[in-house]
Amino acid sequence: MILQVQDVTLRFGGLQALTDVTFDQTEGQILGLIGPNGAGKTTLFNVINGVFAPYRGKIIFRGEDITGKPSYEVARRGMARAHQVVRPLTELTVRENVMVGACFGREGQSLSQAASLADQALAQVGLAGRADQPSGSLNVAQKKRLELARALAARPYLLLLDEVLAGLNPTEITEMVATIRKIRDEGISILMIEHVMQAVMSISDHIIVLDYGQLIAAGKPEEVASNPKVIEAYLGDPEMTARLMVE
Amino acid sequence: MKFWRQPGFWLPLVIVLLWGGTVLVLRQDTVRETAFTVLMFMALASSLNILLGYTGYVSFGHIVFFGLGGYTGFYLISEQGWPLLLASLAGGALSGFIALLVGLAVLRLRGAYFALATIGINEAARAFVSNFGPFGGATGLFVNFAAYEKYGGAGQALWTTFTFLWVTTLVVLVVSYLVKHSRFGLGLQAIREDEDAAMVMGVNAPRAKTITYVISAFFPGIIGTLYFFKNGNVEPGDAFQLHMSIEMLVMVMLGGMGTVLGPMVGATAYQGLRGYLLTSPIFKDLHLAVAGLILLLIILFVPAGAVGWVRGRLPALRRVLE
């Protein structure tokens, strides 16, 4: 198991954001996390990588209990994340952004090694030609790729992807899906939040569904898609769902 | 990318080396006094820039480290008979230590809250020193003239002090460059751009900020010792002047925060302007108001400062104008 989430509960004041969330992820797996808006998906990511400490429950990463550890320590242990709302370090160049990932990620590279790792990661996501540009000058699709490159340059064991496909056009989605597959084939486990259903259904080995802070279903993509609870809470129309699975 | 092969590393150092060298050769008291003031503000602004420019944290009360370090160094020279070098290093060390304690407490705060806390610290230090017997309370301390004798009399002591300041300025500039171009500095710049994202990428922000705060407090402590030793006395009103903190900020912003050269340019330009304003009949009481106006205009129209503006326009010069 690369990641074990056990009974994770989180409250913000009176709001129960997460309730007893429990799941495991095996090594090398792409695990899809879906659910309606406001279900707590990004919050769950925040608990997993140490931005928030859970009120109750445990996060076990590669056999080590990392519950309550600050996010920079979690990053050092080999968990990297691409944010939903892109967060480029605007004043730095694209390459420098990615170097931050390499310098402070799992391997803690020196500056010169980080520069060459950054160039590799940028090539991997198709941004090689823009390395010297200020990152603020990228468009949204490129910023998403930058987020991914930065996470990759950390050489993580586990990659958390928060809606990296959102806002991309169909061609860009196809390219990004191919990139994500390649990353998995290199041995990196991936936990991804995604709303683009076709993509997440086709790419995930396993899917878990969150609704109102609770896991309501888990299983293979086809099992989840035909689960009545999931249809009601998230997918909506059953016919639409069937069509989704055919495509 | 060896730093000693970079023109941007050498440019500020060569300027300060030549300038200080010229002053020492000319050996005129008035030239020395002007150079002392400008070098002092260059070094102070550069120290502040290590925190402000690289991490984006605004320290409004940075002059507290100049005051506390200066008091400590002055006390050690005047009352305990320490040599200038050791006393100024001790002043710096004390400022660094205070920054460590303060940093552990207030660097949890972000943005405006941090800036406000730093003002509070300056005022608290002033109140403390005004009531602290060994530092002479509200009247302060006067130098024991025997202290000057070791340096060949008061006149010679001033030259020695100037030389110390000159070397300190060079060291600050080297440190500023090395911090900016190190792995550590990359982490600081990541904090400046987005602290939460930086932490998610593995930057230990609390530790990095505290270390930076200590570095940026250490040098003002040394400079304070040199300044008050040169003046021959120290009192709370001179040591903790909030407006000097703000002038340091103006200098950093004017020259360009986050650059090595910027605080140098800003300090020189501001001192030049201030000299003019203080002697002009119209503006002599308004120089702080003018400083405030400049700060406002820079923030509105040239937030990158002079050096940042040139770097933005002429990318070819980036390796020279660090």
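Q: Over how many bridges do strand E1 (residues 3-12) and strand E2 (residues 15-25) of chain A pair?
A: In this predicted model, E1(A) and E2(A) pair in the antiparallel sense. Helices (H or I, at least four residues) and strands (E, at least two) are DSSP runs numbered from the N terminus, and two strands pair if DSSP finds at least two bridges between them. For E1(A) and E2(A), the count is seven bridges.

Q: Which residue takes a positive phi in the hairpin of E1(A) and E2(A)?
A: Residues are numbered from 1 along each chain as its sequence is written, while chains are lettered from A and ligands numbered from 1 in the order in which they are written. As the model is predicted, local features need pLDDT of at least 70 and side-chain atom pairs count only at pLDDT 80 or more, whereas totals for chains, interfaces and linings use all residues. The hairpin has two residues between its strands. The phi near 60 degrees belongs to Gly13(A).

Q: Which residue of E2(A) is the bridge partner of Leu3(A)?
A: Strands of a sheet pair through backbone hydrogen bonds, either parallel or antiparallel. In E2(A), Phe12(A) has Leu15(A) as its bridge partner. For Leu3(A), the bridge partner in E2(A) is Gln25(A).

Q: Which strands are the edge strands of the open sheet of four strands in chain A?
A: The order is E2-E1-E4-E5 (chain A), with antiparallel pairing. An edge strand here pairs on one side only. That applies to E2(A) and to strand E5 (64-65) of chain A.

Q: What angle does the direction of H1(A) make with that of E2(A)?
A: H1(A) packs on this sheet, touching E1, E2 and strand E4 (56-61) of chain A; a contact puts the C-beta atoms, placed from the backbone, within 7 Å. Axes are lines fitted to C-alpha atoms, for helices over the stretch in contact, and angles run from 0 to 180 degrees between N-to-C directions. On that scale, the angle is about 65 degrees.

Q: Why is one side of each edge strand left without a neighbour in the six-stranded sheet of chain A?
A: This open sheet has the order E6-E7-E8-E3-E9-E10 (chain A), and its pairing is mixed. Strand E6 (79-82) and strand E10 (214-219) of chain A stand at the edges. One side of each is left without a neighbour because each has a single partner strand.

Q: What angle does the direction of H1(A) make with that of E7(A)?
A: E7 (residues 158-162) and E8 (residues 189-193) of chain A pair in the parallel sense over five bridges. One bridge in this pair joins Asp162(A) to Ile193(A) of E8(A). Helix H1 (residues 41-48) of chain A packs on the sheet, touching strand E3 (30-34), E6, E7, E8 and strand E9 (206-211) of chain A. Its direction and that of E7(A) make an angle of about 150 degrees.

Q: What distance separates the centres of domain 1 and domain 2 of chain A?
A: Domain bounds come from an automatic or database domain assignment. For chain A that assignment gives domain 1 (1-68 + 158-247) and domain 2 (79-156). Taken over C-alpha atoms, their centres are separated by 23 Å.

Q: Which element gives the largest share of the side of domain 1 of chain A that touches domain 2 of chain A?
A: The contact takes 17 residues from domain 1 and 16 residues from domain 2 of chain A. H1, E7 and helix H6 (170-185) of chain A each supply at least two residues of the domain 1 side. The largest share, five residues, comes from E7(A).

Q: Which helix of chain B gives the largest share of the side that touches chain A?
A: The contact joins 17 residues of chain B with 26 residues of chain A. Helix H8 (183-193) and helix H9 (195-200) of chain B each supply at least two residues of the chain B side. The largest share, six residues, comes from H8(B).

Q: Is Phe164(B) buried, exposed or partly exposed?
A: Phe164(B) lies in helix H7 (residues 153-180) of chain B. A residue is buried if 20 or more other C-beta atoms, placed from the backbone, lie within 10 Å of its own, exposed if 12 or fewer, and partly exposed in between. Because Phe164(B) has 19 C-beta neighbours inside 10 Å, its class is partly exposed.

Note on methods
Two residues are in contact if their C-beta atoms, placed from the backbone, lie within 7 Å.
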